[in-house]
Amino acid sequence: MNYLESILLGVVQGLTEFLPVSSSGHLQIAKELLGVEIAENLTFDVTLHAATVLSTIVVLREQIWDLLRGLFRFERNSQTEYVGKILLSMIPIGIVGFAFKDQLNAMLSSSVIMLIVGEMLLVTAALLTFAARAKEREKSELSWRDAWIIGCAQAVAAMPGLSRSGTTIATGLLLGNDKSAVANFSFIMVIPVILGKMILDIASGEMAAMSVPTEVLVSGFLAAFVSGALACKFMIEIVKRGRLIWFAAYCTIVGCICLITTL
């Protein structure tokens with residue numbers, strides 16, 4: 001892997017982690033186009049995920065700091081309740097991650113992966129279309145029930161090509177929640193999930209066997225961090241303005257292209 005490939009993959013990871021177009025699907029497409037086997041390069045994968053976590057923390061630093069202050073008051077308040085909803089939303093993806101990790105990894109290396117990605121991008125497009133046309137009810141805050149349902153949506157989005165942010169945001173909007181609240185919850189809820197995945201990857205001991213030049217890692221990290229921060233801020237504004245239909249059109253086009261390439 002050279003500098004250019006590292007930067008391109010970093011940009012793809014940073015943008016698609018937050019934009020509702022599927023990071024796993026686009027990384028798979030980028031891998032096919034560049035001929036890079038990113039799935040087998042655990043060190044690089046963990047580096048990109050670290051960059052996206054950091055970009056989320058930077059963009060949402062005020063809300064995250066407020067949650068931490070409330071949490072360390074060691075009393076029941078709105079912040080501890082919010083953190084509790086985040087923890088509740090993590091349960092489904094935790095179950096899927098442990099129970100179906102091998103199957104999901106096998107799917108990524110399957111000969112029909114582009115077919116799967118194409119189909120799931122079309123599902124993402126359908127979800128975004130429904131969300132864009134949903135009647136606005138805008139509940140003041142997410143309920144525990146909504147947090148659980150959004151968490152289940154995140155677990156389903158473990159499928160390659162099904163956008164995590166698109167699925168969780170669409171689900172939250174279809175449940176009648178405030179647009180800004182849904183976007184913030186979607187991006188904050190993924191922080192512990194990505195951190196958990198990183199810890200498991202590091203604990204696996206496989207990273208030591210990877211030989212990746214430090215300069216390549218740094219270039220990919222910076223590309224993912226900068227593009228991720230920009231995409232996170234941009235996506236929050238897009239959700240507020242209700243412009244998800246444009247991403248539905250994009251996912252439809254890319255999904256169809258993926259399906260055509262499998263013919």
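## Contact of α5 with α9

Tyr82, Lys85, Ile86, Ser89, Met90, Ile93 and Phe98 in α5 meet Asn184, Phe185, Ile188, Met189, Pro192, Val193 and Leu200 in α9. Contact here means heavy atoms within 4.5 Å. By class, this contact holds eleven nonpolar, two polar and one charged residues. Ala, Val, Leu, Ile, Met, Phe, Trp, Tyr, Cys and Pro count as nonpolar; Asp, Glu, Lys and Arg count as charged; the others, Gly among them, count as polar.

Helix α5 covers residues 78–108 and helix α9 covers residues 179–203. They pack at an angle of about 50 degrees, with their axes 10 Å apart. Axes are lines fitted to C-alpha atoms, for helices over the stretch in contact, and angles run from 0 to 180 degrees between N-to-C directions. α5 and α9 are therefore oblique to each other. Angles under 35 degrees count as roughly parallel, over 145 as roughly antiparallel, 65 to 115 as roughly perpendicular and the rest as oblique. The crossing of α5 and α9 is right-handed: the near helix is turned clockwise from the far one by less than a right angle.

## Model basis

The model is predicted: local features need pLDDT of at least 70, side-chain atom pairs count only at pLDDT 80 or more, and totals for chains, interfaces and linings use all residues. Residues are numbered from 1 along each chain as its sequence is written, and side-chain values use heavy atoms, with hydrogens and water left out.

## Contact of α5 with α7

α5 also meets helix α7, residues 144–156. On the α5 side are Glu81, Gly84, Lys85, Leu88, Ser89, Ile91, Pro92, Ile93 and Val96. On the α7 side are Trp144, Ala147, Trp148, Gly151, Cys152, Gln154 and Ala155. These residues divide into ten nonpolar, four polar and two charged.

The two axes come within 8 Å and cross at roughly 30 degrees. α5 and α7 are therefore roughly parallel to each other. This crossing, too, is right-handed.

## Whole chain

The protein has eleven helices and zero strands. Helices (H or I, at least four residues) and strands (E, at least two) are DSSP runs, numbered from the N terminus. Among contacts between residues at least 6 apart in sequence, 81% join residues at least 24 apart.

The C-alpha trace spans about 50 × 40 × 35 Å along its principal axes. With 263 residues, a compact globule would have a radius of gyration near 18 Å, and the protein agrees at 18 Å. That radius is taken over C-alpha atoms; the globule rule is 2.2 Å times the number of residues to the power 0.38. Buried residues make up 49% of the 263, where buried means under 20% relative accessible area (1.4 Å probe, protein chains only).

How values were computed: Buried means under 20% relative accessible area, exposed over 50%, partly exposed in between (1.4 Å probe, protein chains only).
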